[in-house]
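Thanks for making time for this.

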Amino acid sequence: MSKAVWIKHASQLVTLASEHRGPRTKEAMSELSIIEDGSIWLENEIIQAIGTTDELQIKYADRIDSAEIIDASGKLVTPGLVDPHTHVVYGGSREREFELRLEGATYMDIMNAGGGIHATSRMTREATEEKIFVQTEKRLDSFLAHGVTSIEGKSGYGLNLETEIKQLRVMRRLQQEHPIDIVPTFMGAHAVPSDFKGKEDQYVDLVVNEMLPRVAHDKLAKFNDVFCEVGVFTPEQSKRILEAGKTLGLTPKIHADEIESYGGAELAAEVGAISAEHLLKVSDMGIAAMAKKGVIACLLPATALYLRETAARGREMIDAGVPVAISTDCNPGSSPTTSMPLVMNLACISMRLTPAESLCAATYNAACAIEIEDKVGSLEVGKQADIVLWNVSNYQQLQYLFGVNHVNSVWKKGVKVVG
């Protein structure tokens, strides 16, 4: 039995508690359920009680002397952040491509010349499983230091069965050995390997007939993702891959409409995807289809900034009734960041989300996008004790004072892991 922890006198305790279940839309994204002079009691990895400091002082009067007491005076307390879209497991680095883009090359120019995803694929194939583990562990440490307590991780830098499995095995080991919870996604359809150029349908056959069955049999992933984009996978190929995953029990996700408007959002609605990612070039019809089917828009403003592209239309999506989540898109080519606080800032600045909507998109809705909202994403009795204390006094300051890591301390399953 772990020692009880009592966090008291929070300037604002943002719980995001609600009777509503499922991803939040429109006005519900701004309902933060804030407790002034807030207090929270943690024990056995779980949140046991929430209320004002006076309320918990009375409730636990006979146990306070045996608890670890954390004075959160002047501080903001929130759920641990959730990052629902990362490519965090990979080998090597691609800083030279950053320079190439500044000299005028586009993301697709670099990829078509054998760089981009293909370059990381080569480095990930060559790296040992242990080396990838060590590299990724350092990234997860950085995520944790920025208040992130749960993430999604995609494969997709193998593009062959052996290396895709290697990436997913690294995630499984990290889930066991690192404090952060990792939800795995299979993304063998991240790109068409160079040796399948002109034989794209044969690669789709490989994904559908060999990779997906192995991943499902070994229970290595929860989701199945595909890069539906001009020059990558067509909507028809993408649908085949996603439907094949569904028959094996893998929930669909889709990289949609990032470089060009290509019907990816509409396809997400058609196949019942839990989320559509990127959406920089999404059509009005795509937004309407996602709103109708409740597909979560997972928006990546740091990627748009890094590629010097106009950010996704987050404000319009929320107003249209699309549930919105946000993510770092941590990856070596288009968003090598682990800072969800920066992503929350950018969601406000470049996509016109309000500070409240941004926080909801980085916690509860993000948890919904990877189907873990039953245990994280909000502070409620019975949920996992994943909590962040911030060196600001209210949630508006978290977004207003941008480009700064305001984390004071982080608890994961009731244990302090940062601070």
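There are 24 salt bridges in the structure, where a salt bridge is a side-chain nitrogen of Lys or Arg within 4 Å of a carboxyl oxygen of Asp or Glu. Before I go into them, please keep in mind that this is a predicted model, in which local features need pLDDT of at least 70 and side-chain atom pairs count only at pLDDT 80 or more, whereas totals for chains, interfaces and linings use all residues. Residues are numbered from 1 along each chain as its sequence is written, and side-chain values use heavy atoms, with hydrogens and water left out.

For accessibility I use relative accessible area with a 1.4 Å probe and protein chains only, calling a residue buried under 20%, exposed over 50% and partly exposed in between. E103 is therefore exposed, because its relative accessibility is 57%, and R96, at 45%, counts as partly exposed.

A second pair is K413 with D181, again with 3.9 Å between the closest N and O atoms.

R313 is partly exposed, with a relative accessible area of 24%, and D284 counts as exposed at 54%. Salt bridges with shared partners also join D181, D386, K412 and K413 into one network.

Let me turn to the annotation. An unreviewed UniProt entry places the feature "binding site" at Y157, N331 and G333; the positions are given in the numbering used here, feature names are shortened, and annotations may be inferred rather than shown by experiment. These residues are spread over 177 residues of sequence, yet they cluster in space, with a largest C-alpha distance of 11.6 Å.

Y157 is in the loop between strand 7 (148–154) and helix 6 (161–177), and at 2% relative accessibility it counts as buried. G333 is in the loop between strand 13 (324–326) and helix 13 (340–351), and it is buried as well, at 3%. Which residues does G333 contact, leaving aside its neighbours within four places in sequence? They are R94, R101 and Y306, with contact meaning heavy atoms within 4.5 Å.

Helix 13 itself is mostly covered, nine of its 12 residues being buried, and among them are M340, P341 and V343. Just after helix 13, R352 takes a positive phi of about 65°.

Finally, the rings. The whole structure contains six aromatic pairs, which are rings of Phe, Tyr and Trp (its six-membered ring) with centres within 6.5 Å, counted as stacked when the planes are under 30 degrees apart, edge-to-face over 60 and tilted for the rest. W41 and Y60 are stacked, at 3.9 Å centre to centre and 5° between the planes. W41 lies in strand 2 (residues 34–43) and Y60 in the loop between helix 1 (53–59) and strand 4 (68–71), so the pair ties together parts that are 19 residues apart in sequence. Both W41 and Y60 are buried.

F98 and Y306 have ring centres 5.1 Å apart and planes at 20°, so they too are stacked. This pair links F98 in helix 2 (residues 95–102) to Y306 in helix 11, 208 residues apart. F98 is partly exposed at 36%, as is Y306 at 26%. To end with the rings, pairs among them link W6, W41 and Y60 into a cluster.

How values were computed
Helices (H or I, at least four residues) and strands (E, at least two) are DSSP runs, numbered from the N terminus.
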